[in-house]
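Have the sequence and the 3D view open as you read.

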Amino acid sequence: MTIAIVVAVCIILLILAFLAPRLSRYPERGVERTYGAGGRAAGKAPGPVGRWLRKPFDSANKWTRKSASAGRRGRNKL
């Protein structure tokens with residue numbers, strides 16, 4: 001379920017970044033802020049468990065950044 005949500009967000013950001021590159025920055029920042037808050041909350045767990053719980057949020061954030069930048073690059077090449 002969570003993976004499907006992350007994939008859907010990536011696809012939406014990719015399409016939005018291709019259609020409106022400047023306007024896509026605001027939703028991208030909102031998604032990054034949401035993942036960051038979840039990662040900070042998960043990272044408060046003690047020891048290595050905190051790092052393990054934070055990792056999915058960091059990975060999802062990286063994927064959304066990459067998909068949005070790919071949409072902007074595709075628009076620039078067009």
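Leaving aside its neighbours within four places in sequence, which residues is Asn61 in contact with? They are Glu32 and Tyr35, where contact means heavy atoms within 4.5 Å. Asn61 sits in helix H3 and counts as buried, at 14% relative accessibility. Buried here means under 20% relative accessible area, exposed means over 50%, and partly exposed is in between (1.4 Å probe, protein chains only).

A quick word on ground rules: this is a predicted model, in which local features need pLDDT of at least 70 and side-chain atom pairs count only at pLDDT 80 or more, while totals for chains, interfaces and linings use all residues. Residues are numbered from 1 along each chain as its sequence is written, and side-chain values use heavy atoms, with hydrogens and water left out.

**The overall picture**

The chain has 3 helices and 0 strands, so the pattern along the sequence reads α-α-α, with helices (H or I, at least four residues) and strands (E, at least two) taken as DSSP runs numbered from the N terminus. Helix H1 covers residues 2–19, helix H2 residues 25–42, and helix H3 residues 48–77. The C-alpha atoms fill a box of roughly 50 × 20 × 20 Å along the principal axes.

Of the 78 residues, 28% count as buried. Among contacts between residues at least 6 apart in sequence, 65% join residues at least 24 apart. The chain exposes about 5600 Å², and carbon and sulfur atoms supply 65% of that area. Accessible areas come from the Shrake-Rupley method with a 1.4 Å probe; for residues, only the protein chains shown count as cover.

**Stops along helix H3**

Thr64 is another helix H3 residue, and at 1% relative accessibility it counts as buried. Skip its neighbours within four places in sequence, and Thr64 is in contact with Val9, Cys10, Leu13, Val31 and Tyr35. Tyr35 also turned up in the contacts of Asn61.

Ala70, also in helix H3, is partly exposed at 28% relative accessibility.

**Salt bridges**

Side chains of opposite charge can pair when their charged atoms come close. A salt bridge here is a side-chain nitrogen of Lys or Arg within 4 Å of a carboxyl oxygen of Asp or Glu. The structure holds 2 of them:

| Salt bridge | N to O distance |
|---|---|
| Glu28 and Arg72 | 2.7 Å |
| Arg54 and Asp58 | 3.5 Å |

What does the pair of Glu28 and Arg72 tie together? Glu28 lies in helix H2 and Arg72 in helix H3, so the pair links parts that are 44 residues apart in sequence. Glu28 is buried, with a relative accessible area of 8%, and Arg72 is buried at 10%. Not counting residues up to four places away in sequence, Arg72 touches Ala17, Pro21, Ser24, Arg25 and Glu28.

The other pair stays within helix H3: Arg54 and Asp58 are 4 residues apart, so about one helical turn separates them. Arg54 is partly exposed at 31% relative accessible area, and Asp58 is partly exposed at 39%.

**Patches on the surface**

Patches are made of residues with over 30% relative accessible area and no salt bridge; like charges are joined within 9 Å, and nonpolar side chains (Val, Leu, Ile, Met, Phe, Trp, Tyr) within 5 Å.

Which residues make the nonpolar surface patch of about 810 Å²? Ile3, Val7, Ile11, Leu14, Ile15, Phe18, Leu19 and Leu78 do. Ile11, in helix H1, is partly exposed, with a relative accessible area of 45%.

There is also a patch of positive charge on the surface, where Lys55, Lys62, Arg65 and Lys66 gather. Lys and Arg count as positive and Asp and Glu as negative, while His and the chain ends are not counted. The place of a charge is taken as NZ of Lys, CZ of Arg, CG of Asp or CD of Glu. Lys62 lies in helix H3 and is partly exposed at 38% relative accessibility.
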